[in-house]
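Here's a quick briefing to read alongside the structure. Have a look at the model first, then go through the points below.

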Amino acid sequence: MSNHKSPGTIGFDTLSLHAGQAPDPATGARATPIYQSASFVFPDSDFAAGLFNIERAGHVYSRLSNPTNAVLEERIAALDGGVGAIATASGQAAMHLAVATICSAGDHIVSSRSLYGGTHNLLEYTLPRFGIETTFVDPRDPAAFAAAIRPDTRLVFGEILGNPGLEVLNVPAVAEVAHQRSLPLLVDATFATPYLCQPIRLGADLVMHSATKFLSGHGVVIGGLLVDGGAFDWESGPFPTINDPYVGFHDLVFGEEFGPAAFITRARKEGIRDFGACMAPMTAFQILQGLETLPLRMARHVSNALRVAEFLASHPLVESVSHPGLPDHPDHALARELLPKGAGAVFGFTVAGGREAGKTLIESLDLFSHLANVGDAKSLVIHPASTTHHRMDAKALQAAGIGEGLIRVSIGLEDADDLVADLGRALHRVGRKRSG
Amino acid sequence: MRLEVDGKAAFAATGSASHASGRRAVVFIHGAGMDHSVWVMPARHFARTGLNVLALDLPGHGRSQGPGLDSIAAMADWVVRAMDAAHFEAAAVVGHSMGSLVAYVLAARHPDRCRALALLGASAPMPVTDALLDAARDDDHAAIDMANTWSHSPRAKLGACPNPGMWMLGGGERLLETAAPGVFHADLAACNGFDPEADAGPVRCPALVVVGEADQMTPARAGIRVSERLQDARLERLAGCGHSMLSEQPNAVLDALTAIVP
């Protein structure tokens with residue numbers, strides 16, 4: 001697959017506004033209507049049977065699909081360069097849907113060890129209860145991914161920008177490792193959004209997002225999205241959910257019948273149907289409002305973030321700043337290659353004085369909100385070791401590069417000067433407290 | 001369903017149903033660079049409603065062994081041999097785009113094997129631009145881009161797919177990317193070389209011609225002319241629909257097919 005723009009196709013900014021939606025044929029509504037309906041009337045009995053048998057297009061029940069959700073699903077599939085998508089109740093639900101569609105008890109996952117804490121919990125502690133094990137590896141080492149692959153491995157996973165260390169996943173290299181062993185690569189692209197990086201264009205097979213974050217931008221909803229790139233050759237490996245007859249659907253073989261849409265169709269016909277972690281239509285509508293301005297917001301997020309990162313890097317009370325946009329970051333060159341528009345707006349820094357100094361800094365900030373989220377239009381701050389990643393033991397924290405003094409910020413859309421001033425004041429207070 | 005045709009492996013989807021003797025049959029033939037998966041919805045419908053279904057992968061496409069065939073007539077004769085392998089006598093034969101030419105020629109050359117004919121996105125002749133042919137010959141992705149873009153109506157380029165959550169341009173691109181090197185070009189060259197006067201005689205079975213009024217690849221007027229060449233043809237116009245009518249308006253296509261296939 002090449003990174004190209006087809007002749008006559010629509011540009012990214014236009015797709016952010018229009019993809020997946022036509023003016024409502026019944027009312028002429030320009031905005032996407034909120035179809036707040038649990039179910040949808042069948043025109044006749046044969047049509048009803050056809051919908052259930054995947055021979056008619058349409059909606060049955062909002063757990064399975066909903067017209068508002070469908071606009072969001074199609075829009076993210078368009079922006080990510082996929083064939084289709086499913087909206088889920090949360091980013092965690094999207095991750096679970098991907099895993100549950102591919103893996104069964106006895107299967108194994110190879111994952112980056114630099115992960116969102118919730119994802120780490122799912123892989124390390126919860127999925128083993130269901131017979132699915134994970135081996136965690138250094139996200140900067142594609143050879144480590146290769147070495148960890150076992151005969152029972154079914155999935156390779158990583159975050160495009162690790163959390164909170166901001167390691168840049170070398171998607172082309174890790175995809176090559178995965179594909180050499182006939183495995184799909186799933187990438188969590190939450191921190192980048194398709195504006196900054198389209199992992200499918202780089203070789204990934206599946207992409208998931210926590211839509212709660214930058215895709216929405218407003219911090220008022222919880223939602224997730226799972227996108228199918230449609231290019232993975234499921235027949236190349238042992239993937240019974242795709243390649244074998246599915247008793248739960250009259251022996252349908254998804255890989256045979258649905259071609260490039262095999263995975264996403266299985267995920268909808270089984271995972272959303274049976275696990276039921278669907279998105280509410282009102283949530284889909286609110287995420288769509290955010291997506292309309294995604295290109296504008298992301299450009300501002302990354303420029304503000306770089307400005308703040310440069311300020312912190314030059315401050316005498318800051319020991320280190322981990323932002324791939326800075327030349328001293330180990331992945332700076334890779335970030336310029338894979339994320340040419342910017343390396344996101346979430347990053348970590350370590351203030352001199354350890355945990356106590358970090359606490360003083362966080363409590364001294366006025367504009368930054370101290371909370372457990374990223375990707376809001378407003379700037380956010382948190383101490384990962386005591387909050388988002390507190391369930392990791394000391395060894396895992398060290399392996400993930402999460403020090404006691406690390407502070408994670410998510411840079412919003414405020415005036416950059418105001419953010420710098422807020423941080424400057426807080427650091428001044430840290431300095432005063434240290435000196436006594 | 002695995003078949004053996006000319007000593008080579010061939011594949012056809014059956015709409016998730018086993019064939020049974022005594023049932024009426026329907027054969028689906030895909031377009032250039034495509035495979036059986038474009039027919040998934042009508043195949044499943046007619047299988048559920050009691051027909052034996054054969055949604056074929058032409059040689060070199062999908063799961064059928066290559067090499068590809070280099071003329072529409074050769075493809076039509078191959079489809080008849082595939083019907084033999086599946087123990088089909090006469091069938092309703094449905095084709096889309098290049099597949100519509102194959103179906104058309106099959107109906108003319110093998111009238112005893114075609115009890116009804118449905119042509120979707122048809123044009124006879126079916127000229128292909130040099131730019132597309134050249135890019136396909138060079139296995140340049142630009143060929144896929146051109147075909148995929150021109151195959152969707154202006155409306156469909158922005159989506160609003162009737163199938164929830166599916167991005168039509170992405171699906172079309174991925175499917176064309178699965179074609180083995182050389183196959184897409186051979187298909188396009190076969191379409192370009194098709195001569196309706198020399199390659200297709202009269203067709204007497206009942207026929208349906210479905211045209212998309214926003215079809216840039218095979219404009220509606222070309223499909224209308226095809227319907228006028230057939231002795232017993234009904235024309236179905238799909239308003240606002242492009243060439244990729246099976247993804248853009250699957251319900252309307254199925255409604256049209258239910259009038260002639262069973």
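Let's start with a pair of helices: α4(A) and α12(A) are roughly perpendicular to each other (the label covers angles of 65 to 115 degrees, with under 35 counting as roughly parallel, over 145 as roughly antiparallel and the rest as oblique). Keep in mind that this is a predicted model, where local features need pLDDT of at least 70 and side-chain atom pairs count only at pLDDT 80 or more, while totals for chains, interfaces and linings use all residues. Residues are numbered from 1 along each chain as its sequence is written, and chains are lettered from A and ligands numbered from 1 in the order in which they are written.

**The α4/α12 pair**

- Helix α4 (residues 91–102) and helix α12 (residues 262–275), both of chain A, pack at about 110 degrees with their axes 9 Å apart; axes are lines fitted to C-alpha atoms, for helices over the stretch in contact, and angles run from 0 to 180 degrees between N-to-C directions.
- On the α4(A) side the contact uses A:Leu97, A:Ala100 and A:Thr101, and the α12(A) side brings A:Phe263, A:Arg266, A:Ala267, A:Glu270, A:Gly271, A:Ile272 and A:Phe275. Contact here is a matter of C-beta atoms, placed from the backbone, lying within 7 Å.
- Sorted by class, the residues of this contact are 6 nonpolar, 2 polar and 2 charged (Ala, Val, Leu, Ile, Met, Phe, Trp, Tyr, Cys and Pro count as nonpolar, Asp, Glu, Lys and Arg as charged, and the others, Gly among them, as polar).

**Chain A overall**

- Chain A comes to 18 helices and 12 strands; these are DSSP runs numbered from the N terminus, with helices being H or I of at least four residues and strands E of at least two.
- The C-alpha trace of chain A spans about 80 × 55 × 40 Å along its principal axes.
- A compact globule of 436 residues would have a radius of gyration near 22 Å, and chain A agrees with its 22 Å (taken over C-alpha atoms, with the globule rule being 2.2 Å times the number of residues to the power 0.38).

**Two domains in chain A**

- The domain assignment gives domain 1 (13–291) and domain 2 (294–435); such bounds come from an automatic or database domain assignment.
- Their centres, taken over C-alpha atoms, are separated by 29 Å.
- Domain 1 puts 30 residues into the contact and domain 2 puts in 36.
- On the domain 1 side, the elements giving two or more residues are α1 (12–18), α5 (117–126), α8 (193–196) and α13 (281–291) of chain A. That side divides into 14 nonpolar, 12 polar and 4 charged residues.

**The 7-stranded sheet**

- An open sheet of chain A has 7 strands in the order β1-β7-β6-β5-β4-β2-β3, with mixed pairing; strands pair if DSSP finds at least two bridges between them.
- β1 (84–88) and β3 (133–137) are its edge strands, each pairing on one side only.
- Neighbouring strands of this sheet are turned against each other by 20 degrees on average, direction ignored.
- Strands β6 (residues 206–210) and β7 (residues 224–228) of chain A pair in the antiparallel sense over 5 bridges, and A:Val207 stands opposite A:Val227 in β7(A).

**The 5-stranded sheet**

- Another open sheet in chain A has 5 strands in the order β8-β9-β12-β11-β10, again with mixed pairing.
- Its edges are β8 (318–322) and β10 (369–370), each pairing on one side only.
- β8(A) runs antiparallel to β9 (residues 346–351) of chain A, joined by 4 bridges; A:Val318 has A:Val351 as its bridge partner in β9(A).
- Helix α14 (residues 294–313) of chain A packs on this sheet, touching β8 and β9, and its direction makes about 150 degrees with that of β8(A).

**Where chain A meets chain B**

- The contact takes 44 residues from chain A and 35 from chain B.
- On the chain A side, α3 (67–80), β1 and α11 (254–258) each give two or more residues, with α3(A) giving the most, at 5 residues.
- The chain A side has 18 nonpolar, 19 polar and 7 charged residues.

- Most residues other than glycine have a negative phi, and most peptide bonds are trans.
- B:Gly66 and B:Pro67 are joined by a cis peptide bond with omega about 0 degrees; B:Pro67 sits in the loop between β4 (52–56) and α2 (72–85) of chain B.
- The bond from B:Ala124 to B:Pro125 is also cis, with omega near 5 degrees, and B:Pro125 lies in the loop between β6 (114–120) and α4 (130–137) of chain B.
- A:Ser182 has a positive phi, near 60 degrees, in the loop between α7 (171–180) and β5 (185–188) of chain A.

Notes. Contact = placed C-beta atoms within 7 Å.
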